[in-house]
Amino acid sequence: MKKVLGLALGILTAIGGFLDIGDLVTNAVVGSRFGLSLGWAVVVGVIGICIFAQMSGRVAAVSGRATFELIRERLGLRVGVLNLGASFMINLMTLTAEIGGVALALQLVSSVSYLLWVPFAAFALWLVIWRVKFSIMENVAGLVGLFLIGFAVGLFLLGPDWGELGRQAVHGVSTSNEKVSTYWFYAVALFGAAMTPYEVFFFSSGAVEEGWSVKDVARSRANVLVGFPLGGLLSLAIAGCAAVVLLPQLISVTALSQVMLPVAVAGGKVLLAFIILGIVAATAGAALETTLSAGYTIAQFLGWSWGKFRPPAQAARFHLLMIICLIVGVGTLMTGVDPIQVTEMSVVFSALALPLTYLPILIVANDPEYMGEHVNGQALNGIALIYLVIILAAAIAAIPLLIITGAGQ
Amino acid sequence: MRVSMWAAGLILLLGLICGCSQQSTATEDLIHALSEAHSAIASSVLGIDLYDQQRSTRAVTETLLEDMAEQIVDAERALETVTIDSEQSQSERDAALAAIHTGAAALLTSRDQLQQRGAVDNTADLEAAGHQIDSVLGQLRGGQ
Amino acid sequence: MTSNTGSEASRWLDAQLHLLDRQVLDVDGVPVAVVDDLELSEVLVGQEIPIDTPPPVITALLSGPALATRIFGGRPPESRMQRTLWVDIVEIDVVIRLGVGRDILDLAWTEGWVRDRIIGRIPGGRHTPQGEPNDERGRS
């Protein structure tokens, strides 16, 4: 019985933890402008993150080494430093976006400007990292984040023409005024939103934090293979809600408050309350994960002591680094830069940075010195290689598309 | 040697891309600004409607009107940078400017009313501004 | 291999593959540093080695501010690198385990400084997070 509960918890937290401000914003924007015609990009991204997370979790559990420790050991210093620099900067960008997301959600509750919420949110996040146990943090954020299932509920309540939605998914939106380059830009953005790298650093470091062994790998596989696709379905629900309510009125999403419109139409204040609570939890959870990831990446690479399971005094530089990251995030947001734009940039840059972490994990997952008998099977390697090509294609296309479309205008 | 060749190739590629990224015409800029304005007005109308029906909270609606006001004011400001290259684009810009300006005025009024009195009663003005924006948008798109 | 393992059969180690960039853990399993360089006995840089000199022996692992020099060239001076004595090593595996605690090592200087001056001063800094047993969760 306890095992079933544990399994359920894992799956639920995977679903709730899957969505962050990047998924929320990108799917809403895409739904309002392209309907469900980019749904395939979400599917591709979800399959990708399943493969990626599962591999990195297994690598961490079997070898006892987390991602960035491996990158330095296995790929050498030059590649490692480049990798570290890029991953860290993008992590920082995502962190900033997530804190912005928490503040925006709190503004929706209180009408108090999000700028005033930013320092408060960052302090609260720090406090959680400082004092709250890893598993409690994960579980609470994941379970409350599950309230975002309200989007799926909302989509049903809206009573959409499912045939029409299906047609959009397959054939595209006929009356669109959007350019082809913008379409592909958002495909890359959705892909990056689903396959956020920090997810993987966090997953693998979490495996070491919680002391996973080989037998925990099977459990993690279940969490990932069930949880992430369900999270992906929620992404599609977000896009669907926007497609049903906003697209026909030619409302293109540029603010979080607009994302609430379909929710209010569908279920009134009650659904609104659920969803806003879910957004606070999901973005806060993601903010915690990205902050920890920032700490993990640098600390693991440089060989510092790290981990939430240690008292902060025993992982002093790790904690100092995270404090500095939070301060930088707050500082950036206080300049008044639009958090939604930061979010959109962060998902595109996530797509850009994916090969940097995917490739090392793939290499180590095939290395018997680290994995013993648990190296990748042939089938997994086949799919993993296909995804390597997709990831490289997205990464190469990201910057040109960003420039050509002016960040999706 | 190899590194500098790679760097040169990369810079060339980026330059090519920047060059190829379309320079938008004046009309396209106007359409973009008008679309943003339309989106802001339509969102606000929907948001206020939901609030009146008690399906949305005051906090959410206030935030929405704040965000949309900012957006339409940005759209209006963007028109300043539109380069005029003919008499036609001059009149087009004037029409766009007038429409967006009306919309901005109505939206700001709605936002202030909600903040001060907790209720909005100029939805008719908002909708009228929306129609005006839509008609200019239609003309510009039709002429493309 | 050298000194401490008289009884084990000898093992071939490739310095670059098995030693360089490897994580060093202290006796409690707490990470202390990453290997940046090796210190060899009786090898003087820039001088000719006489023909019947015995092969050099690794005396210590070196860690320090070597990232930039390893990428762009050169070596930091000896005084800036921190030594982990070869005799203190207990196991060389995917990580390098020492038989001594971190408190007696020079390596942990920055960590100790940050701990004492900054993190240790913030309330709650010396305790594990709520509800967490203070076990050293092993591998890294």
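Trainee: In chain A, what share of the contacts with a separation of 6 or more is accounted for by residues 24 or more positions apart? Please take chain A as the part to look at closely.

Mentor: This is a predicted model, in which local features need pLDDT of at least 70 and side-chain atom pairs count only at pLDDT 80 or more, while totals for chains, interfaces and linings use all residues. Residues are numbered from 1 along each chain as its sequence is written, and chains are lettered from A and ligands numbered from 1 in the order in which they are written.

The share you ask about is 87% in chain A, where two residues are in contact if their C-beta atoms, placed from the backbone, lie within 7 Å. Chain A has 17 helices and zero strands; helices (H or I, at least four residues) and strands (E, at least two) are DSSP runs, numbered from the N terminus. Its C-alpha trace spans about 55 × 50 × 45 Å along the principal axes, and the radius of gyration of chain A, 20 Å, agrees with the value near 22 Å that a compact globule of 409 residues would have; this radius is taken over C-alpha atoms, and the globule rule is 2.2 Å times the number of residues to the power 0.38. Of the 409 residues, 64% count as buried, which requires 20 or more other C-beta atoms within 10 Å of a residue's own, with C-beta atoms placed from the backbone.

Helix α3 of chain A, residues 39-63, illustrates this covering well, since 21 of its 25 residues are buried. From its first C-alpha to its last, α3(A) reaches 36 Å, close to the 36 Å expected at 1.5 Å a residue, the expected span being 1.5 Å times one less than the number of residues. Just after α3(A), A:G64 takes a positive phi of about 75°.

Turning to the neighbours, 24 residues of chain A are in contact with 21 residues of chain B. On that side of chain A, the elements giving two or more residues are α5 (77-110), α13 (256-302) and α17 (378-405), and α13(A) provides the largest share, nine residues. The residues of this side divide into 13 nonpolar, ten polar and one charged, where Ala, Val, Leu, Ile, Met, Phe, Trp, Tyr, Cys and Pro count as nonpolar, Asp, Glu, Lys and Arg as charged, and the others, Gly among them, as polar. Of the two pairs of chains in contact, however, chains A and C share the most contacts.

Technical notes:
Buried ≥ 20, exposed ≤ 12 C-beta atoms within 10 Å, placed from the backbone.
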